[in-house]
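This note is written for a colleague who is meeting the structure for the first time. Please read it with the model open.

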Amino acid sequence: MDWKTFARHGRKIADWGAGYHETLRDRPVRARTKPGEIFGQLPATPPETGEDMAAILEDFEKIVMPGLTHWQHPRFFAYFPANAAPPSMLAEFLTTVIAPQCMLWQTSPAATEMETRMILWLRDALGLPGDVTGAIQDSASTATLAAVLTMRECALNFKGKEEGLFGQTPLRIYCSDEVHSSIDRAIWFSGIGQDNLVRIPTQGPLRGMDPAALRKAVEADLAAGLRPAGIVACTGGTSTGACDDIDAVADVAQDHGLYLHVDAAWAGSAMICPEFRTLWQGIERADSVVFNPHKWLGAQFDCSVQFVRDSEALIHTLAIRPEYLLTHGADGITNYSEWSIPLGRRFRALKIWFLLRSYGLEGLRTRLRNHVAWSQALCDRLGAEPDIEIVTPPVLSLFTFRYRPAGVAEDDLDALNQRLVDTINDDGRIYLTQTLVGGAKAIRFQAGQFDCTEEDVALAFDVITEIARKEL
Ligand SMILES: Cc1ncc(COP(=O)(O)O)c(C=O)c1O
């Protein structure tokens, strides 16, 4: 492809993108295809000779588009959002066309120095202490793995990398039942093993782990000759938004010299609003904190920020310095690949810069505060209906509810609620997901899509009540 053709199609795609977003409300939020339907439309073998881009784009519309779920749809109320504000898309377009690989300072000084500045901007925006630094990771899963590896190495005096875990006293990590499954996977991949992930009972679906039970578990493990290494706490759990009492958990961490990592992948964005920071009181005592600007804040996926209090511990855990990666003759540089698990790194800081400059923190705060207020209003309206029960009240913009019409046996409620979620999603006007609260099925609602309006949230009330009462 020559560059004139590239530019022609690039302009077409930019126009197409604007049109797509302007008409997004007319599309069903969730894809309506059946399993295998897209695969079956793709030829079994690749072409031997090149094809025209116009034909490729035509097939994209015909084959691919029907098979996409529209995460940027303003009525996407499922999971958590994966927002892509338009300025962050433009930044991604630039990084796509320049395509720098930013593993070392010298492989793109601007990317490294922009990353350092964006970390400091975000640290201050979230109200974290001035001695915190950090790095942009691809995902919260990776950041949590990096944190778990760091707690492992701190506990083993940085010998685990060389000696492995065979023959070592088992390391123990503590968390509640409300943490995300990425914590389990970090425990598997770090070699610590699921059996050494100690689940501390929570004090209800919205409250985090019981600090007294945490302390007891650590002390019991010490008495049994095991080696407590760290705690993974959460602010804004995926199921219902559960929040650990970070201050109380930090007391235990401090008393026993444990590394404390906090997963605030979703809720972290809300901390640009000072009034929400009570949810993570004590956060300045955490060793590591992850939050995903690619979730609620608006930086296009992927973009996850890991803050650390002691960057040396992280670097000591992850860095490796073969000659071919060294930069000679440059002092005081940062090589962010030494803060991350993959060597190669994308230029993710650019989209944060574009985002923050375009909206300003105040513009982003207004959006988040609106989501929280509209979600609370919807929760109040649903809760006032005789056949709907609020299972967990809003944590920020997330709450759960359950359809409970008169005359339906308790045992049939789970199936009924799953049928409600499925029917709503087939309808397409909104998109919701389910969870389990205390073993019973509940429907999750979260508002957070970047362009979502009060009317979009209000429409959720109409869709939920209409489908529950007419179609089940
Ligand atoms: C609380 C929480 N932590 C971690 C993750 C994993 O995030 P990522 O996809 O960035 O690995 C999620 C995903 O939704 C989450 O909700």
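1. Basis. The model is a predicted one, in which local features need pLDDT of at least 70 and side-chain atom pairs count only at pLDDT 80 or more, while totals for chains, interfaces and linings use all residues. Residue numbers start from 1 along each chain as its sequence is written.

2. Domains. The chain is assigned domain 1 (3-77), domain 2 (101-346) and domain 3 (362-470); such bounds come from an automatic or database domain assignment. Taken over C-alpha atoms, the centres of domain 1 and domain 2 are 36 Å apart.

3. Ligand shell. There are 13 residues around the ligand, and Ser139, Ala140, Ser141, His180 and Ala265 come nearest. A residue is near a molecule if its C-beta atom, placed from the backbone, lies within 6 Å of it. The shell divides into 4 nonpolar, 8 polar and 1 charged residues. In this classification Ala, Val, Leu, Ile, Met, Phe, Trp, Tyr, Cys and Pro are nonpolar, Asp, Glu, Lys and Arg are charged, and the others, Gly among them, are polar.

4. Helix 5 with helix 7. Helices (H or I, at least four residues) and strands (E, at least two) are DSSP runs, numbered from the N terminus. Helix 5 (residues 140-155) packs against helix 7 (residues 181-189) at an angle of about 45°, and their axes are 9 Å apart. Axes are lines fitted to C-alpha atoms, for helices over the stretch in contact, and angles run from 0 to 180 degrees between N-to-C directions. Helix 5 and helix 7 are therefore oblique to each other (under 35 degrees is roughly parallel, over 145 roughly antiparallel, 65 to 115 roughly perpendicular, and the rest oblique). Their crossing is right-handed, meaning that the near helix is turned clockwise from the far one by less than a right angle. On helix 5 the contact involves Ala140, Ser141, Thr144, Leu145 and Val148, and on helix 7 Ser182, Ile183, Arg185, Ala186, Ile187 and Phe189; contact requires C-beta atoms, placed from the backbone, within 7 Å. By class, these residues are 7 nonpolar, 3 polar and 1 charged.

5. Helix 12 with helix 14. The axes of helix 12 (residues 349-383) and helix 14 (residues 454-470) come within 9 Å and cross at roughly 20°. The two helices are therefore roughly parallel to each other, and the crossing is right-handed. Trp374, Ser375, Leu378, Arg381 and Leu382 of helix 12 meet Glu454, Val457, Ala460, Phe461 and Ile464 of helix 14. This contact has 7 nonpolar, 1 polar and 2 charged residues.

6. Helix 13 with helix 14. What is the orientation of helix 13 relative to helix 14? The axes of helix 13 (residues 413-427) and helix 14 come within 10 Å and cross at roughly 120°, and the helices are therefore oblique to each other. Leu420, Thr423, Ile424 and Asp427 of helix 13 make the contact with Val463, Ile464, Ile467 and Ala468 of helix 14.

7. Backbone features. The Phe301 to Asp302 peptide bond is cis, with omega near 5°; Asp302 lies in the loop between helix 10 (293-297) and strand 7 (304-308). Tyr79, although not a glycine, has a positive phi of about 40°, and Tyr79 is in the loop between helix 2 (53-64) and helix 3 (86-98).

Note on methods. Two residues are in contact if their C-beta atoms, placed from the backbone, lie within 7 Å.
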